[in-house]
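Let's take a walk through the inside of a protein and see who touches whom. Have a look at the model first.

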Amino acid sequence: MPKSLFYGPDEIRKPGAITFEDIPVNTYNKTIEEERARYSDDDLVRIFRDITILREFESMLSQIKTQGMYNGIETTYPGPAHLSLGQEAAAVGQAYLLDTQDFIFGSHRSHSEILAKSLSAIHKLSDDELMRIMENFLDGKTLRAVQKVSKAESVKELAIEFILYGTLTEIFARENGFHMGMGGSMHAFFLPFGVYPNNAIVGGSATIAAGAALYKRVNDKEGIVICNIGDGSLGCGPVWEALNFAAMDQYRTLWEESKRGGMPILFNIFNNGYGMGGQTKGETMAYDMLARIGAGISPTQLHAERVDGYNPLAVIDAMERKMKILHEGEGPVLLDVITYRLVGHSTSDQNAYRTKEEIDAWREVDPIITYRDQLVKEGIAPDDRFEEILQETTERMTRICKWASDIEISPYVDFRKNPDAIEKLMFSNEKVKAFGDSEPNVEGPKSECSRYTQIEKKERSAVVDGKAVSKLRQYNIRDAIFEPILDKYYEDSTLVSYGEDVRDWGGAFAVYRGLNEVIPYSRLFNAPISEAAIVGSAVGYGMCGGRAVVELMYADFIGRAGDEIFNQLSKWQAMSAGILKMPVVLRVSVGSKYGAQHSQDWVALCAHIPGLKVCFPATPYEAKGLMTAALNGTDPVVFFESQRIYDMGEQFREGGVPKEHYEINIGDTNLIRSGDDVTILTVGATLYKAVEAADILVEKYGMSAEIINLHSLVPLDYTAIIESVKKTGKVVLASDAVARGSFLNDVARNITELCFDYLDGPPVVVGAQNWITPPFEFDEEFFPQASWIIDAIHEKIVPLEGHVPVVSFTSSEQIRKAISGV
């Protein structure tokens, strides 16, 4: 879309051919003797030690899950165990050169990556740094548990016990775990060492890691990001979205000079040949050699390479070369790291899909054996030294297992004493004006933004001195969303906004129009049509300490980002026991006029998912106050907007919309009109139909309606609702969402329970028909109209003299529709 990039027919139609560079495959061929110039003997032995620690950790879990015992310690746990037994050398090789400012993200099979990265950090950090990290983490709770029983003779040995114990207690769901057992095996992490969350959803880390790389690039943070996923994840759409998102041309062609360059991310595929039981080479995939895929993403071919992950030195060699590329701003890069899991997908897997001969063939080249033999052969250390290491590793792991299994040393969260333990973790509910401490990167003062100066001149009320203000002069909902976003750009240097067509176009519905005049590309940019990458990258960006506002053009596209919204955005604050914050605002536009796939109100889907705050403003006053609150908060907010009412001015608040900053508490309600005879609760654009209905009620039937707009769905304070229903005894709830499964059904149920003794009749929900959304020409037959609200009152609550209903709300019609599935 940018005018600076000319898309001309002469160049585009020119004949030619696409050429490719050769992709290296297992090219490492150095001997141990040659590598002694790079490594000390102690380094080479330490690599072996780290491999054995990882192997023993996974072997311990395997024995616990299959036998209920490890080295005489009887213990068990019911959770998952996706073991990387056999893949340890690849993890150790990857971690060897990494520092704490380098972030790794993992998969459901990431115990080895967590431990390898941590062991590498322990080796590099000083004793003082290690003690400071351990003492400050969770106020020293995990460290104190270890110190009570440890006999470690050095800080580094204490740190090794600390990382093993914290990881194992997290897997065992114990309170001393690195996030209080709330994440468990597939979601463990330890931020002080640069170990970011692993992920139970196959390929789930791809988009999140891309967002972490975006955070580093935009905010000039040191280090690289590594996305560790498996070969099976290449069957997942979001992984491909992430690869493209991380490699977009605009980082080199359009971003301002100071931010220009490739994303600092390495997509590391631990290629063990299987996606659960499906063999990727020859069965479920088409690439033959995984490294080939880089050529399909970018002209750089993502600098792709296949590496022998059964040789830790080969992996280190490749990492050194790839890290240089990333530090030079030429990323992203891709490594296809060949490895093999010697056990099943999980401990219940009987390996029915592969032969014993195949597994035995890989056991014969196990790095625990082959790497050790090489070191002995080259005189790096005598064989009995490696026996000592194996014995030390087993003894250490036995101690750790004993401590983690002991309920006195490692208790569970006590839900009897703290029944709201998880409840308190669902939202952080903090206020942070700015996550960045640097001067925000802008291209000029606000006054140079034409939209800002236009808004300054607008009337902030729809009616002034009793006269209606023209649409062009009204401060509307579109302006009310824009204004706090613009202000936050000048307050928080970490704020970024992106989505489809948000820059030059200003967003499909012009909410961002004018921002590109003062906000540089790196903070406001067009994303590809990749909803999963848009939301998932925002999760990673927020997880690392930045604030993001991202947009889905239509609510109907929520399905394209279902996992990222429902499993990632919503869950990481609680799964991290509050360690992570998620300051992400997801703007979602509810369509009209565009039929079945572009005009659906899916508020109920998001409101159903624990961990998401959900708003749906219907007036400019609500929109500005709620967006300001969302942008000052630390929780994920799904911010619904109706295309029907973007141009609406403020009709209900005396004095209109204030120019100064203000917040509306997310959870409050908005009293639109006072009344005594019936309460009408609304969500979204249906507010304006309810106002029409209220006018009809008072004019034709002498009934006074109280209208309350529910601009916040989660959380929701019922205080004003209860007071109103107690007063009127009657309540109708209306929104544009289809009636079946509507969020308002939940509100109606709560009103029934909370106000039962005060109700004259049942709460009645008025929603759209349970059909596909038809073309715009049939809006009045599909979406709630003012007359429908009157009909519902007449047939369900109180007969209205002389009223002839248009739409049936009778019990028989309700039963008929349920039987018909409509």
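## Around Phe 245

Setting aside neighbours within four places in sequence, Phe 245 is in contact (heavy atoms within 4.5 Å) with Ala 210, Leu 214, Tyr 251, Tyr 498, Phe 525, Ala 527, Pro 528, Ala 533 and Ser 537.

A quick note: this is a predicted model, where local features need pLDDT of at least 70 and side-chain atom pairs count only at pLDDT 80 or more, while totals for chains, interfaces and linings use all residues. Residues are numbered from 1 along each chain as its sequence is written, and side-chain values use heavy atoms, leaving out hydrogens and water.

## The nonpolar cores

A nonpolar core is a set of buried (under 20% relative accessible area, 1.4 Å probe, protein chains only) Ala, Val, Leu, Ile, Met, Phe, Trp, Tyr and Cys residues joined through side-chain atoms within 4.5 Å. The largest one has 108 residues, and Phe 245 and Phe 640 are among those touching the most other members.

How many aromatic pairs does a search of the whole structure find? There are 30, counting rings of Phe, Tyr and Trp (its six-membered ring) with centres within 6.5 Å; planes under 30 degrees apart are stacked, over 60 edge-to-face, and the rest tilted. Tyr 215 and Tyr 541 are edge-to-face, because their ring planes sit at 80°, with centres 5.5 Å apart. This pair links helix 9 with helix 19 (residues 531-543), 326 residues apart, and both tyrosines are buried.

Notes. Buried means under 20% relative accessible area, exposed over 50%, partly exposed in between (1.4 Å probe, protein chains only). Helices (H or I, at least four residues) and strands (E, at least two) are DSSP runs, numbered from the N terminus.
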